[in-house]
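We'll take it one piece at a time.

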Amino acid sequence: MQAHSSSSEGALARTADGRLGALAAIEGGLVVSCQAQQGSPMRDTATIARLAASALQGGAVALRVNGPDDVSAVRPLTDVPVIGLDKRMGPRRNIITHTDEQVIALAAAGADVVAVDATAEVAGDVASRVRSAVLAVPVPIMADVSTLDEGLTAWDAGAAFVGTTLSGYTPYSRMDPGPDIELVAELASRGVRVLAEGRFQTPEQVARAFDAGAFAVVVGGAITDPIAITRRFAAATPRST
């Protein structure tokens, strides 16, 4: 796999600049994930861009966006960091940015940070996967993990951020109804820069994640998925029984 075509010294300089910019912009804030599954009426690039614009007006300090097309559409709207990923259905679950080709395409589309699947289930060798992504592009890498061991390995391999995104979605990780605040605390206590993500539904849960040491919190469906939001409210009605 070839690295970015620029010289290694230039790439390193841009990586440092991008890392510092992303750190300053994201720390202590809310990142909003603007995505829609295939089959959703929201699954339209122009609609995703409007979701992103709405999230920005609401106070999002960064956006998490799926796929080069959506990243390209969102990028001109704002100067806040865009975390790009490429989510594709695997044999058992969605897999996040599995190849360096995907990493490079997201960076070329304008992503300031690229998220990769850094689980042992998908990557096998978590350290090698993260190192390869770090070398592929001159932007910071976010490692989406499911356990403490994966998070520590990804951090030591050079990830700028470690997301708790996949806790509960691998066969060997714990699944709680809400976010895995325990994993956030475990990683943060070891000096890892944690982006708490996964199953956040309430502002109280967001506050708990920051109390546990989160660097920032990512919220997706609870803000940007009207189908899921409607289902939660509809479940409380007599018609739902």
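## Before we start

This is a predicted model, so local features need pLDDT of at least 70 and side-chain atom pairs count only at pLDDT 80 or more, while totals for chains, interfaces and linings use all residues. Residues are numbered from 1 along each chain as its sequence is written, and side-chain values use heavy atoms, with hydrogens and water left out.

## The barrel

Start with the sheet: 8 strands form a closed barrel in the order 1-2-3-6-7-8-9-10, with parallel pairing. On average, neighbouring strands here are turned by 25° against each other, direction ignored. Strands are DSSP runs of E with at least two residues, helices are runs of H or I with at least four, and both are numbered from the N terminus. Two strands count as paired if DSSP finds at least two bridges between them.

Strand 1 (residues 30–34) has partners in both strand 10 and strand 2. With strand 10 (residues 216–219) the pairing is parallel over 3 bridges, and Val31 has Val218 as its bridge partner there. With strand 2 the pairing is parallel over 4 bridges, and Cys34 stands opposite Val65. To get from strand 1 to strand 2, the chain goes through helix 2 (residues 45–58) in a right-handed β-α-β crossover. Right-handed here means that, with the strands pointing away from the viewer, the path from the first strand over the helix to the second runs clockwise.

Strand 3 (residues 82–85) runs parallel to strand 2 (residues 62–66), joined by 4 bridges; Asn66 stands opposite Leu85. Strand 2, helix 3 (residues 68–74) and strand 3 make another β-α-β unit, a right-handed one. Strand 3 also runs parallel to strand 6 (residues 113–117), with 2 bridges between them, and Val113 is the bridge partner of Ile83.

In a regular strand the side chains alternate between the two faces of the sheet. Both faces of strand 3 are covered: Val82 and Gly84 are buried on one side, Ile83 and Leu85 on the other. Buried means under 20% relative accessible area, exposed means over 50%, and partly exposed is in between (1.4 Å probe, protein chains only).

## Helix 4 and its neighbours

What do the buried residues of helix 4 pack against? They pack against helix 3, strand 3, strand 4 (87–89), strand 6, helix 6 and strand 7 (141–144). Among these buried residues are Asp100, Val103 and Leu106.

Helix 4 (residues 100–109) and helix 6 (residues 126–136) pack at about 35°, with axes 9 Å apart. The axes are lines fitted to C-alpha atoms, for helices over the stretch in contact, and angles run from 0 to 180 degrees between N-to-C directions. Asp100, Val103 and Ile104 of helix 4 meet Arg129, Ser132, Ala133 and Ala136 of helix 6, where contact means heavy atoms within 4.5 Å.

## A look at Ile227

Ile227 sits in helix 11 (residues 226–234) and is partly exposed, at 33% relative accessible area. Neighbours within four places in sequence aside, Ile227 touches Ser40 and Pro41. Ile227 and Pro41 are 186 residues apart in sequence, yet 9.3 Å apart in space, C-alpha to C-alpha.
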